[in-house]
Amino acid sequence: MAELHNYTLNFGPQHPAAHGVLRLVLEMDGEVITRADPHIGLLHRATEKLAESKPYNQSIGYMDRLDYVSMMSNEHAYVLAIEKMLGVDVPLRAQYIRVMFDEITRILNHLLWLAGHGLDIGAMTMFLYCFREREDLMDVYEAVSGARLHATYYRPGGVYRDLPDRMPQYEASKWHNQKDVDRMNENRQGSLLDFIWDFTERFPAHVDEYETLLTDNRIWKQRTVDIGIVSPERAKNLGFTGPMLRGSGVEWDLRKKQPYEVYDRLDFDIPVGTNGDTYDRYLVRMEEFRQSNRIIRQCVEWLRNNHGAVMVEDHKIVPPNRESMKHDMEALIHHFKLFTEGFCVPEGQAYAAVEHPKGEFGIYLVSDGANKPYRVKIRAPGFAHLSALDEMSNGHMLADVVAIIGTQDIVFGEVDR
Amino acid sequence: MTNIERLQTLQRRIGEAAGDAVNASSIELGELTVDLNVDALHEICKKLLSGENFAFDTLIDVCGVDYLTYRQEAGEQWQKPRFAVVYHLLSTSRNQRLRLRVFVDESSPMVDSVIDIWKSADWFEREAFDLFGILFKGHPDLRRILTDYGFVGHPFRKDFPMSGHVEMRYDEEKGRVVYQPVSIEPRVLVPRVIREEGYGG
């Protein structure tokens, strides 16, 4: 019988640890990976091409569907690019709202990452705990935009509307009696800001809870320490950004280094790792939970005390309110033009990037002066991270590939676009 | 030094390092764009990575742009070569960004690969090849990446229709999936227009 040396193994696209639709062709020597070849594109929807055929505002919703666990951060990069080209200054209150929701989104994303990453390498409980907290934040999304996931809340010129004064309430049903409902509505009596504030009061204790389960857990450490080590130089060369880069010890965060919106007015720290392994990246993200919580609290305090517009007044970009349309001819014309044609963006090109929960999410926009973008290029952090999977998993065991996919925080909406 | 002054210094230094290879460079919206001669790209990129005053250690993005219908609605015709490859560089040590652009013709859309300088170019170049048909000389593994296995054409070119050329369905008689010409009628909901500056007051 011929002796077998290397063989190839198909991992995914239906494997639950493949985080969506990753087809991974692994070349193995026994149980050791010698080459990993990710086949992507199974979720390719040509978002960039679709955006070319629509007025600017109609593509905001597509941005939600890129990285579908950090919706508002994607929108943020897109509206920033448009605002840069239009030369629009966003009202301060809208900037605070955006920052607050960016950080809520970061917590949402990291919760899903922790849930999935934990589940992949054997910590089932994490999944249940993380989804408990996600539920509250989804309610926040719903209260502000009407949608729990695909919010389309950010607009060029600000945000769609101001924060609601009242949280939606649960109602009694055959599954929940009045007593249950009263308990569930306890923290929903005030405004949205009160609800968020209540969440930030509770959340640090929850993070402690996760850490008790994982940080010193022997099994967790065996699965993550020294897995997928990336040196700082290598991380930069591979195009890593976000927690992947910070895990390797590079102190790089766009919120600090190239601040946008009001990040330069807020007080927060940037955690960095030392070894650049999966465990360090886990620790970095855990600390980001706490820092995001800190930012949200500062935003809530500011938003409580400062009121004002959340959209610019320029009706060439932003639709007028419905009331003025009823008696003002000009408002009616503006409304009609905006919804039948959209606005034209001056000729040129711009790149705008935000510190997305996964890394640097950038939009490169080319405009030829029309009401639709000429070219939109979405720079997704996950795309660069996944391309390094071969290098990171080389020499590791098959089971470690799952840990590495988990630590890269891959979401196929943004990788395939 | 303000951001603009730093960019002007960088612009001057690139001019010195690249010499004749710079076709144009401009600072707009606080971003520096340098149009390079396609033959000199690889050599200049090497300098941009290792040069002390450059230190562009991260290649953030590579993308293709098809200028075929640029400003068509305004009755203008694109004069330069049809395709552009746009590189976005970032220096984490000097906290600066740079955009490089090279233009290539439709007849020979060939650019030197920068994969030996920045490893992150690997998939970005594969993507530009897949979607625009731009070839990267020296790339070790220039396969399609986002489109389906066996896909024909380069879908992000402006002359590729939005609905594509073929559609796929399950054929009951043959008992397998078959490809057939698309049955969707292309339609435009909002026409593309270019308005002059100050339109509508």
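1. In this predicted model, chain A holds an open sheet of 3 strands in the order β1-β2-β3, with antiparallel pairing. Strands β1 (6–11) and β3 (32–39) of chain A stand at the edges with a single partner strand each, so one side of each has no neighbour in the sheet. From one strand to the next, the twist averages 20° (axes are lines fitted to C-alpha atoms, and angles run from 0 to 180 degrees between N-to-C directions). Strands are DSSP runs of E of at least two residues and helices are runs of H or I of at least four, numbered from the N terminus; two strands pair if DSSP finds at least two bridges between them.

2. Strand β2 (residues 23–29) of chain A runs antiparallel to β3(A) and is joined to it by 7 bridges. A:Leu24 has A:Pro38 in β3(A) as its bridge partner.

3. Strand β6 (residues 348–356) of chain A is largely enclosed by the rest of the structure, because 8 of its 9 residues are buried (20 or more other C-beta atoms within 10 Å of the residue's own, C-beta atoms being placed from the backbone). A hairpin of 2 residues leads from β6(A) to β7(A). The two strands run antiparallel and share 9 bridges, β7(A) covering residues 359–367; A:His356 is partnered with A:Gly359.

4. Between the chains, 36 residues of chain B are in contact with 43 residues of chain A (C-beta atoms, placed from the backbone, within 7 Å). On the side of chain B that touches chain A, β3(B) gives the largest share, 6 residues.

5. Residues are numbered from 1 along each chain as its sequence is written, and chains are lettered from A and ligands numbered from 1 in the order in which they are written. As the model is predicted, local features need pLDDT of at least 70 and side-chain atom pairs count only at pLDDT 80 or more, whereas totals for chains, interfaces and linings use all residues.

Key
A residue is buried if 20 or more other C-beta atoms lie within 10 Å of its own, exposed if 12 or fewer, and partly exposed in between; C-beta atoms are placed from the backbone. Two residues are in contact if their C-beta atoms, placed from the backbone, lie within 7 Å.
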